[in-house]
Amino acid sequence: MVVAAGKRFCGEHAGAAEEENARKRILCPLDPKHTVYEDQLAKHLKKCNSREKPKPDFFIQDINAGLKDETEIPEQLVPISSLSEEQLENLIKKLRKASEALHDALNDPKNGDSATKHLKQQVCLGHSNY
């Protein structure tokens with residue numbers, strides 16, 4: 001961190017200069033590797049890089065983790081023909097969202113050639129959640 005004009009310490013080490021600054025710095029509850037002014041904690045928590053980011057709609061926690069124990073019964077496969085009209089519409093919506101997300105990921109230049117190749121392979125092999 002850079003030392004502000006007229007200050008002796010950077011923001012991270014300002015706690016060492018309590019006589020210069022009456023505001024109290026505390027450890028960030030999301031990441032104790034940095035500190036924040038106590039009176040600005042609420043604002044900081046909204047923008048802290050260590051906060052949990054929202055998951056995409058298609059994300060399912062531990063989808064590839066396997067069974068938690070041997071007594072757990074996997075979900076039964078259900079034929080599409082047995083779905084109600086509402087269930088079928090919900091399935092179509094999920095598939096469209098997943099398709100859009102996949103399209104965006106495949107066309108995102110930040111992913112690079114290697115990641116794009118991997119995404120295409122996963123889709124072709126049927127290993128994705130899309």
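Begin by selecting residues 81-108, which the UniProt annotation "coiled-coil region", from an unreviewed entry, covers; UniProt positions are given here in the numbering used for this model, feature names are shortened, and annotations may be inferred rather than shown by experiment. Over residues 81-108 the chain is 82% helix and 0% strand, with the end C-alpha atoms 36 Å apart; helices (H or I, at least four residues) and strands (E, at least two) are DSSP runs numbered from the N terminus.

Before going further, keep in mind that this is a predicted model, in which local features need pLDDT of at least 70 and side-chain atom pairs count only at pLDDT 80 or more, while totals for chains, interfaces and linings use all residues. Residues are numbered from 1 along each chain as its sequence is written, and side-chain values use heavy atoms, with hydrogens and water left out.

Next, select helix α2, residues 85-107. Its 23 residues should span 33 Å at 1.5 Å a residue, and the end C-alpha atoms are 33 Å apart, which agrees; the expected span is 1.5 Å times one less than the number of residues. Within α2, colour Ala 98, Ala 101, Leu 102 and Ala 105, the buried residues of this helix, where buried means under 20% relative accessible area, exposed over 50%, and partly exposed in between (1.4 Å probe, protein chains only).

From Ala 101, move to Phe 58, which is 43 residues away in sequence and 8.6 Å away in space, C-alpha to C-alpha. Phe 58 sits in the loop between α1 and α2 and, at 29% relative accessibility, counts as partly exposed.

Ile 80 also lies in the loop between α1 (41-47) and α2, and Ile 80 is exposed, with a relative accessible area of 53%.

Finally, zoom out to the whole protein chain, which has 3 helices and 2 strands and follows the pattern β-β-α-α-α along the sequence. Of its 130 residues, 15% count as buried. Among contacts (heavy atoms within 4.5 Å) between residues at least 6 apart in sequence, 11% join residues at least 24 apart.
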